[in-house]
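Here is a friendly tour of the model shown below. Keep the sequence and the 3D view side by side as you read.

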There are 2 protein chains.
Amino acid sequence: MAIKYSRQREAIKEFLCTRKDHPTADVVYANVSRIYPNISLGTVYRNLTLLADMGEIQRLHLGDGQDHFDADTSEHYHFVCQKCGRVIDLQMESIERINELAGVGFDGQIAGHITYFYGVCGECSADGSKSAG
Amino acid sequence: MAIKYSRQREAIKEFLCTRKDHPTADVVYANVSRIYPNISLGTVYRNLTLLADMGEIQRLHLGDGQDHFDADTSEHYHFVCQKCGRVIDLQMESIERINELAGVGFDGQIAGHITYFYGVCGECSADGSKSAG
DNA sequence: TCAAAATCAGTAACGATTACTGTTTTATTA
DNA sequence: TAATAAAACAGTAATCGTTACTGATTTTGA
């Protein structure tokens with residue numbers, strides 16, 4: 001099954017590249033719909049999965065029920081705000097070495113890890129009231 | 001809404017305590033059904049959520065579509081086998097300090113992190129064929 | 001320009017989980 | 001012990017994110 005070009009997939013990728021938050025499939029759908037009003041949600045899901053399988057984007061499971069997508073595939077970590085739900089990229093030094101710590105005394109092969117940090121983001125720390133929407 | 005005792009909840013908690021793998025709700029249901037044949041899946045979900053909210057058990061989002069539950073609420077990390085899907089407790093030294101690394105140059109409050117490791121478990125490394133079920 | 005294959009839009013189905021409803025248990029008070 | 005209110009129950013329906021299906025449209029290479 002060779003992959004063929006599709007304008008919808010290109011638009012989805014382009015949209016993701018413009019965003020630094022990490023949108024869910026329905027947010028992608030809402031935005032790409034402005035360019036292709038007839039695009040279907042199934043097409044969005046199919047292409048997000050395709051792009052992730054090709055390694056062009058990253059799929060994030062953050063435990064909030066919906067998958068998030070990130071056009072930045074370089075090694076980096078994420079922060080999830082417990083108040084507003086925002087997902088923020090962290091610039092932090094590598095913690096790859098935790099793989100070796102995990103491997104000590106373990107009889108399998110550690111291939112990698114999934115880590116995300118949580119807490120309260122800068123904006124929510126500032127105004128003490130805001131809550132998730 | 002004060003919490004009242006329930007035999008079903010006790011049985012769910014007891015079952016979880018006997019297990020070191022980290023069963024999903026339907027596995028809990030299947031097993032507790034042997035003691036309370038009329039228990040309903042909704043009761044299992046409700047009590048798992050209750051126990052997790054009370055801090056008596058831990059809910060794990062491992063990105064495989066189903067939540068897993070762990071009666072061990074002490075600080076420890078998990079390994080997920082990419083071949084057989086097994087979830088294994090890791091005995092490893094604390095990596096709590098990654099919270100501070102994440103906080104460097106970040107303007108919010110880091111409260112904690114979720115980490116799990118993946119790769120191939122000891123058993124699957126041994127026999128090269130096995131796949132997830 | 002033609003044909004094969006991939007992709008599409010639209011819709012139905014799926015699986016995990018949650019919500020609803022009338023009945024049963026639990027806990028309290030008499 | 002009996003009465004009562006509140007919580008939990010079983011059973012079922014609904015929800016929600018996601019995937020699968022179908023016949024029409026696009027892409028691509030000859």
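Two strands pair if DSSP finds at least two bridges between them; helices (H or I, at least four residues) and strands (E, at least two) are DSSP runs, numbered from the N terminus. With that in hand, strand S5 (residues 109-120) of chain A is joined to S5(B) by 11 bridges, and the two run antiparallel. Within this pairing, A:Ile110 has B:Gly119 as its bridge partner.

Before going further, please note that this is a predicted model, in which local features need pLDDT of at least 70, side-chain atom pairs count only at pLDDT 80 or more, and totals for chains, interfaces and linings use all residues. Residues are numbered from 1 along each chain as its sequence is written, while chains are lettered from A and ligands numbered from 1 in the order in which they are written.

The S5 pair belongs to an open sheet of 6 strands with mixed pairing, in the order S4(A)-S3(A)-S5(A)-S5(B)-S3(B)-S4(B). Strand S4 (87-90) of chain A and strand S4 (87-90) of chain B are at the edges, each with a single partner strand, so one side of each has no neighbour in the sheet. On the chain A side, S4(A) is linked to strand S3 (residues 77-81) by 4 bridges, again antiparallel, and A:Val80 stands opposite A:Val87.

Now to the contact between the chains, where two residues count as touching if their C-beta atoms, placed from the backbone, lie within 7 Å. Chain B brings 34 residues and chain A brings 34 residues. On the chain B side, the elements giving two or more residues are strand S3 (77-81), helix H4 (98-103), strand S5 (109-120) and helix H5 (122-126). S5(B) gives the most, with 12 residues.

DNA strand D has 28 residues around it, and A:Tyr5, A:Gly42, B:Ser6, B:Gln8 and B:Thr43 come nearest; a residue is near if its C-beta atom, placed from the backbone, lies within 6 Å. Helix H3 (41-54) of chain A, and helices H1 (7-17) and H3 (41-54) of chain B, each supply at least two residues of this surface.

Finally, chain A has 5 helices and 5 strands, following the pattern α-α-α-β-β-β-β-α-β-α along the sequence.
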